[in-house]
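The following briefing covers one protein chain, grouped by topic. Please read it alongside the sequence and the coordinates.

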Amino acid sequence: MADAFQLPIDDVLDEISAALTKGNRLVLAAPPGAGKTTKVPLHLLGSDWLGDKKIIMLEPRRIAARRAAERMASMLGERVGDTVGVRSRLDTRIGPKTKIEVVTEGVFTNLVTRDAELGDYGAVLFDEFHERSLDADIGLALAQQSQDYLNEDLRIVVMSATLDTEKVAGVLKAPVVQSEGRAYPVETRYLGRTQDRLEDQMAKAIRKALAAETGSILAFLPGAAEINRTAERLAGLSDDIMICRLYGALPPKAQDDAIKPPPGEKRKVVLSTDIAESSLTIEGVRVVVDSGFARMPVYSPNSLGAMLSTVKASIANVDQRRGRAGRTEPGVCYRLWHEEENRGLPKAPTPELLNADLSSALLRLIEWGDHNLYDLNLLDYPPRGHFAAALDMLKRLDFID
């Protein structure tokens, strides 16, 4: 298997094994293209410490969980549900022989609150942890408590492409293994920002890239509405260019159509949210067009929940997006802003925990047996006003007494 699917992560697999034989926590820093998502779980199946236990790996989105499971099953020459299974809100394929479960982060936090010991599992892998979702942060904290008090043989591995590894390793008291990625050079071209609507700017930039470059295009937009309006503005392109949409609410078949290579000599334009930023590989892409925006939840304790807001993407985000153009060959990235604007971009996205409605997380903690979020070993702690507002809301709704 290793010869047929050689990837940069192979160079550090023995180092990963040694770290997890010696200790029970590890931080793995591996950029996109290294192969961590598929190679690490399969490699750990042969570990003596695993015994008859299973590996559970968290992915930030349903499509990423499904694609990771399908890829690993294909590498083994099996179907999903055999050695490798998947579990998400809309897709569960787990069989009696399943040893690796790929799950969404929300599925894991529900699982660990119901089964605090995690007795069936020998390892928990947090993939793409740099996205810092609320479920991932809470899930990691609960996994640590499970390991500390109930299941000391449990291994915890945090894997990330762009992560402050020093901070995470310090909180977890874990060693760091660093893998090199596999990337080709990407030329960056700044087109500047205009007063036109975003979808008009994006459509113009895509037409420019189609005329100037070869290969398929991956274009990043903040949400489904902007994607659909951009697709409308690209109507009338030649028949050899396919326009595909990619966002979380699409049916699985539409998502798969966006990801797979275009047939024959056709080119593809994939209009995507940040779903394609790190955890998915789209075949044939050598051009990225980046709007520079992301959609993030913004929470106010005086509201009834978080509101989605369109914000400038962080340096970490736009660098991730740029790298998608250099996965298989040298590429080009068009950016819809001026280069000097980079100085004003945040270094990394704000962890969801710091700006989220905490009521659902608080309910999970009460199920767990401790309602105090500040008892957990977290990477960051939310403002106490947000926590108090969540507690008050649950009381007013009679969810707790």
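Glu70 is partly exposed, at a relative accessible area of 27%, where buried means under 20% relative accessible area, exposed over 50% and partly exposed in between (1.4 Å probe, protein chains only). In this predicted model, local features need pLDDT of at least 70 and side-chain atom pairs count only at pLDDT 80 or more, while totals for chains, interfaces and linings use all residues. Residues are numbered from 1 along each chain as its sequence is written, and side-chain values use heavy atoms, with hydrogens and water left out.

**Salt bridges**

- Glu70 forms a salt bridge with Arg66, with 3.7 Å between the closest N and O atoms; the term denotes a side-chain nitrogen of Lys or Arg within 4 Å of a carboxyl oxygen of Asp or Glu.
- Arg66 and Glu70 are 4 residues apart in helix α3, so about one helical turn separates them; helices (H or I, at least four residues) and strands (E, at least two) are DSSP runs, numbered from the N terminus.
- An α-helix has 3.6 residues a turn, so residues three or four places apart point the same way.
- Arg66 counts as buried, at 7% relative accessibility.
- Through shared partners, salt bridges join Arg66, Arg67, Glu70, Asp91, Arg93 and Asp256 into one network.
- The count by this rule comes to 32 salt bridges.
- Another salt bridge pairs the side chains of Arg61 and Glu131 at 3.0 Å, N to O.
- Because Arg61 lies in the loop between β2 (54–59) and α3 (62–76) and Glu131 in the loop between β6 and α5, this pair ties together parts that are 70 residues apart in sequence.
- Glu131 is partly exposed, with a relative accessible area of 25%.
- Arg61 also meets the side chain of Asp274 in a salt bridge (3.2 Å, N to O).
- Asp274 belongs to the loop between β12 (267–272) and β13 (285–290), and Arg61 to the loop between β2 and α3, so the pair ties together parts that are 213 residues apart in sequence.
- The relative accessible area of Asp274 is 23%, which makes this residue partly exposed.

**Backbone with positive phi**

- Most residues other than glycine have a negative phi.
- Arg132, a residue other than glycine, has a positive phi near 50°.
- Arg132 is placed in the loop between β6 (121–126) and α5 and counts as buried at 10% relative accessibility.
- Asp398, in the segment after α12, likewise has a positive phi, near 60°.
- With a relative accessible area of 66%, Asp398 is exposed.
- Gly369, which follows α11, has a positive phi near 120°.

**Helix packing**

- Helix α11 (residues 359–368) has as its buried residues Ser359, Ala361, Leu362, Arg364, Leu365 and Trp368.
- The cover over the buried residues of α11 includes α4 (105–114), α5 (134–149) and α12 (384–396).
- In helix α10 (residues 315–323), the buried residues are Ala316, Asn317, Val318, Gln320 and Arg321.
- These buried residues of α10 pack against β10 (216–220), β13, β14 (293–299) and β16 (331–335).
- The axes of α4 and α5 come within 9 Å and cross at roughly 30°; axes are lines fitted to C-alpha atoms, for helices over the stretch in contact, and angles run from 0 to 180 degrees between N-to-C directions.
- The crossing of α4 and α5 is left-handed, that is, the near helix is turned anticlockwise from the far one by less than a right angle.
- From α4, the contact (heavy atoms within 4.5 Å) is made by Glu105, Gly106, Phe108, Thr109, Val112 and Thr113, and from α5 by Asp135, Ala136, Gly139, Leu142 and Ala143.

**The Arg89 loop**

- Arg89 lies in the loop between β3 (84–87) and β4 (92–93) and is exposed, with a relative accessible area of 64%.
- Not counting residues up to four places away in sequence, Arg89 touches Arg62 and Val107.
- The C-alpha atoms of Arg89 and Arg114 are separated by 16 Å, the two residues being 25 apart along the chain.

**Model confidence**

- The protein chain has a mean pLDDT of 90, and 96% of its residues reach 70 or more; pLDDT is the predictor's confidence in each residue, from 0 to 100.
- Confidence in the protein chain is lowest in strand β15 (residues 306–312), at a mean of 82, and highest in β6, at 98.
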